[in-house]
Amino acid sequence: MSAAGAKATALRGGVVTLADASDEFLSTHRVANDNTRRAYASAIDRTIGAVGGRDRLLADVTDTEIGEALTALWGGCAPATWNRNRAAVSSWLTWCASKKRWAAPSIPADAERRRENVDHTKAVAKTRLERLLSRRDIPLRDKTLYRMLYETAARTSEVLSLDVQDLDLENRRAPLTSKGGDTEWVYWDAGTACLLPRLLRLPDGHPDGPVRTRGPLFLADRRPVPARRPGPEHICPHTGRPRLGYDRVRVLMDTHLGLDPHQLRHSAATHLGEQKVPLQLIMAKTRHKNPRTAMRYTRPGGGEAVAEITGILAPPRRTH
């Protein structure tokens, strides 16, 4: 093949491997946020593994294979999980075809988005949630995390990304990188403020122990094996333990509370709405940009608020 022909083949993606296409996409500005990059990388890497591995040529993969991989990996999951991972793979393949002009497969028509049914009971009643968060059998790390998730109304991935050195304990706040890549402040209240100093003591929670000053705020229980050791920014310099992961939090929260991590954020917004907090302030707290998106989280939860206002419709009491 001539040099010109080889160049044309390369431009069409004929010699671009799945590994090359993935690595280049994950280095673009659209996935500059660490949390977004991790989520996209997980979905793309698993899909690549399902269609033959990182050394396979991008141009050799068919639409059908992509659809079969998505179905095998997430076909039995909840609609939100399917849609999230499907969107990550679709964004990657669309970028390869439209931005790089590489020959790339696309998501087949039969692997379409699935309807996500809105669960209006997802918010937990405030009294029940307070009982759950006050349980004494929940370990200190997990109790602190659950309290912070509720009081900050932040996304779980955002709170897990916090580092000790970023905490402003005096003002009960910390900066984090939001879903869109902006740096914003999250605020917590007395519940979290009482637990954080104990969490930072070494050994864990010891009242007379030294204090952690750097590294991830929430740590996993064990040190990582060499094959899965993350970057140094995700390792505590005091303990050698890695940052706590989202999947582990989901398992622990289901065990401790019987809840999904997102329910704490949802409940916080709902409870603010039930206290007649204006939508603009709820958006500032949850850091939603679109009012229509924020309104999904401000529906009365648990039926308590609806039951309370129903009394307005009762017939007038008779006087004797």
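Q: Hi! Is the crossing of helix 3 and helix 4 left-handed or right-handed?
A: Right-handed: that is how helix 3 and helix 4 cross, meaning the near helix is turned clockwise from the far one by less than a right angle. Bear in mind that this is a predicted model, where local features need pLDDT of at least 70, side-chain atom pairs count only at pLDDT 80 or more, and totals for chains, interfaces and linings use all residues. Residues are numbered from 1 along each chain as its sequence is written, and side-chain values use heavy atoms, with hydrogens and water left out.

Q: Thanks! At what angle do helix 3 and helix 4 pack, and how far apart are their axes?
A: Helix 3 (residues 34–50) and helix 4 (residues 63–74) pack at about 115 degrees, with axes 9 Å apart. The axes are lines fitted to C-alpha atoms over the stretch in contact, and angles run from 0 to 180 degrees between N-to-C directions. Helix 3 is therefore roughly perpendicular to helix 4, a label for angles of 65 to 115 degrees. Helices here are DSSP runs of H or I with at least four residues, strands are E runs of at least two, and both are numbered from the N terminus.

Q: Which residues make the contact?
A: Helix 3 brings A43, R46, T47 and A50, while helix 4 brings I66, A69, L70, L73 and W74. Contact means heavy atoms within 4.5 Å.

Q: Switching topic: how many residues are in the largest nonpolar core?
A: The largest nonpolar core has 34 residues, and L145, Y146, L217 and F218 have the most contacts inside it. Such a core is a set of buried Ala, Val, Leu, Ile, Met, Phe, Trp, Tyr and Cys residues joined through side-chain atoms within 4.5 Å. Buried means under 20% relative accessible area, with a 1.4 Å probe and protein chains only.

Q: Which helix gives the most to this core?
A: Helix 7 does, with five residues.

Q: And what is Y146 in contact with?
A: Leaving aside neighbours within four places in sequence, Y146 contacts L133, I138, L252, M253, H256, L257 and L264.

Q: One more residue: where is T286 found?
A: T286 is in helix 12 (residues 279–286).

Q: Why does T286 count as buried?
A: Because its relative accessibility is 1%. Not counting residues up to four places away in sequence, T286 touches A153, R265 and A269.

Q: Lastly, how many helices and strands does the protein chain have?
A: There are 14 helices and two strands. Of the chain's 320 residues, 42% count as buried.

Conventions:
Buried < 20%, exposed > 50% of the residue type's maximum accessible area, 1.4 Å probe, protein only. Parallel < 35°, antiparallel > 145°, perpendicular 65-115°, else oblique.
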